[in-house]
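Subject: Structure handover

Hello,

Here is the structure to be handed over. The notes on it come after the files.

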Amino acid sequence: MDGSSLQDWLVRLETLFKSVLTNRSGYSQIRLLLPENNWSEIVRVNFVAGEVSHVAPTDLQQKGDEPYIRLLQAVETDDSLFSNVTRNREKGSVVGPPTLRSIKRLVNDDGAVIGAVVINAVLSELLSVPEYEGELGRTYYVIQNHVEPAFPLATDDQSFVLSPEETPRVLDFKVVAQQSVGQLIDLGSDENLYLSSVPISDAHVPFDFFIATDIDAGALFQQARHELWRNFAHALVLTLLASGLGYVFAARLLSPLEHLIDEIKKSAGLRGDQAGSLSKGGDEVTLIANNFKQLTSDLVRETQRLDMVLTNVAEGIVTLLPDGTIEDANPASCRILDEDSVHLTGRNLFEMLGFDEEDGKEILCETISARGDQPPQQREISLKKQAGEPIVINLVMRHTSYAEGSRFVALIRDVTERAAATARSEALIAALRRSNAELDQFAYIASHDLKAPLRVIENAVSWLEEDLRPHLTDDTRESMDLLRNRARRMEALLSDLLKHSRIGRVADSVEKVTGVQLSESILELLDVPENIRIVFSDDFYHLTVQKMPLETVLVNLIGNSIKHHDRGSGFVSIDVEHSDGFMRFRVEDDGPGIEPAYHDRIFDIFRTLRSRDQLESSGMGLAIVKKHIEVVGGKIDVLSDGERGTVFEFSWPDEIVQEEDKAA
């Protein structure tokens, strides 16, 4: 490039390598290797015993079989690589101390490897083990190589320990390897070991680095024991001094406290409004005594307040001993159980309520095992007072503990009137259920019995038409058709009337469907003419609802729009929006419209706006729609000016409450 020969470049490299070795502590060798001839050394400079020397060409070696060359070939990276720490070898023989090698690959412009620079560093010179005066302990550096199957290491090269010079104790690495990192471990004979790991984040460093410290526990703790005994002596002296001072102040302390005891005895019989005001004392002890007297007065007032509540509360409150014996009872308990407090105290509550001994014990055990965060179990018990008057009480039990031991607290309520009202309500509900069942049976029988003659009439008309066909005139045929249509209309009226009577009393299916599925089902049930477009909105398609009876409502409204449409083409659109737990459905058409005067009347039973001879209809469709909507808690409105177009808007709950038994 600049006219220099290869030899000139080699001399320059030797000079550069010598400069690096001279100025870098710990470096022992720098080499340039080329891939030719099994990765032969081209230039090598050594630093031994403070002297820098270059190696003659005849002494340069092939390094292709060394593990670090195989590592260079196996790992593709532009970063420097590090070899395992091994003893230095010359021509296959171990001739030097543990050495760390750094390898930097050399590449051309095309990225191909053309050589490598290898720097050797003596491990003991890189890492300076600290020296400590005395015999408290020693620090060691431990290197543990990663052993890979592709780069095997000799047993002696798998780990190294660097120890301080002239160390009296030599650390056995096999002992270190068995210990846990980050803990002080007792090795016996007053010897302890602390092992810590130095994290290495570079993935190209193939070894772990540990710092191990062995500690002479005897020497370490000797001074601590000396300090402990000295502090113990000081504490003993201070304790004796404090005892003497306490004795001196005892006489001064006793006088206010004796006065305090007298005040407590007097305050025990006072009411809250008679408590004296807090007086100021001349010293801390007197101030404490006055505050304690005030605290006692407050306690007396609280006790009197609690007694007032227990005396005037309407519910009976009874405290029980662990075996169920009544320990105390408020006046309401005596009134409810029809006993005075003298005869009530000391009796077993469960025997009074009619339980046998085993049942009483079971109730107590259940009360003890009940969780405090759950509502207590309530029991209703029927009794008779001494005069023979029946009474129903509600019993609630709780288990508690205080200084004198465990107790049970029983809350007793007189629920006689509520129980009677509940019984009357249940009787009314049972009667209503029977009435509904009888009504269902009557409606079914009436519908069946009334439909049978209608079918006979319709069949008879058909038979007459067949038998008299040659003799029928246009007028008689018209009469026959009129008779048949009237019979069919009456049968449809009976069917719709039966459906209307059962709305809200017969449980519907709880099947859930999507808006897409619901729209498909509605269209299958309707006979939609080709000139009418049925349009469902995207919001409708995204619904998930209970199918029935919403399907019945929409089928009737859409069918009503189709039936009354008066033009050659038209549309019916169905939309929905959500608001406050309800869905607001909107069914709109471009039909003839409904005059405002008929907006309420169209929902009446059998109501039609056009003659049944003009448009066949039972007049029950909108009545069925309105009843379904009102049963679920919704409301329906009609929007129309009577000229053109009608909108039915109705609200429908997001979730329909299913009753186990439809009573009404």
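This is a predicted model: local features need pLDDT of at least 70, side-chain atom pairs count only at pLDDT 80 or more; totals for chains, interfaces and linings use all residues.

Sheet and helix

The sheet is open and has five strands, in the order E14-E13-E17-E16-E15, with antiparallel pairing. Its edges are strand E14 (326–329) and strand E15 (378–384). Each of these two has a single partner strand, so one side of each has no neighbour in the sheet. Direction ignored, neighbouring strands are turned against each other by 30° on average.

Within the sheet, strand E16 (residues 390–402) pairs with strand E17 (residues 405–414) in the antiparallel sense, over ten bridges. If you want a point of reference when you look at this pair, Asn394 stands opposite Arg413 in E17.

Helix H11 takes in residues 357–369 and lies across E15, E16 and E17. The helix runs at about 50° to E16.

Cavities

Searching the whole structure gives four cavities of 30 Å³ or more.

The largest cavity holds about 50 Å³ of space. Its lining consists of Gln29, Arg31, Lys63, Glu66, Tyr68, Asn88, Arg89, Glu90, Arg101 and Asn120. Strand E1 (27–34) and strand E5 (86–90) are the elements that give two or more residues to this lining. The largest share comes from E5, with three residues. By residue class, the lining of the largest cavity has six charged, three polar and one nonpolar.

Lys512, Val545, Gln546, Met583, Trp652, Pro653, Asp654, Glu655 and Ile656 form its lining. Here strand E20 (544–546) and strand E24 (646–653) supply at least two residues each. What is the make-up of this lining in nonpolar, polar and charged residues? It divides into five nonpolar, one polar and three charged.

Regards

Methods: Residues are numbered from 1 along each chain as its sequence is written. Side-chain values use heavy atoms; hydrogens and water are left out. Two strands pair if DSSP finds at least two bridges between them. Helices (H or I, at least four residues) and strands (E, at least two) are DSSP runs, numbered from the N terminus. Axes are lines fitted to C-alpha atoms, for helices over the stretch in contact, and angles run from 0 to 180 degrees between N-to-C directions. Contact means heavy atoms within 4.5 Å. On a 1 Å grid over the protein atoms alone, a cavity is a set of points where a 1.4 Å probe fits but cannot get out, and a pocket is an open set with protein on both sides within 12 Å along at least five of seven lines; lining residues have an atom within 4 Å of a point. Grid points are joined across faces, edges and corners, and a volume is the space filled by probe spheres set on the points. Ala, Val, Leu, Ile, Met, Phe, Trp, Tyr, Cys and Pro count as nonpolar, Asp, Glu, Lys and Arg as charged, and the others, Gly among them, as polar.
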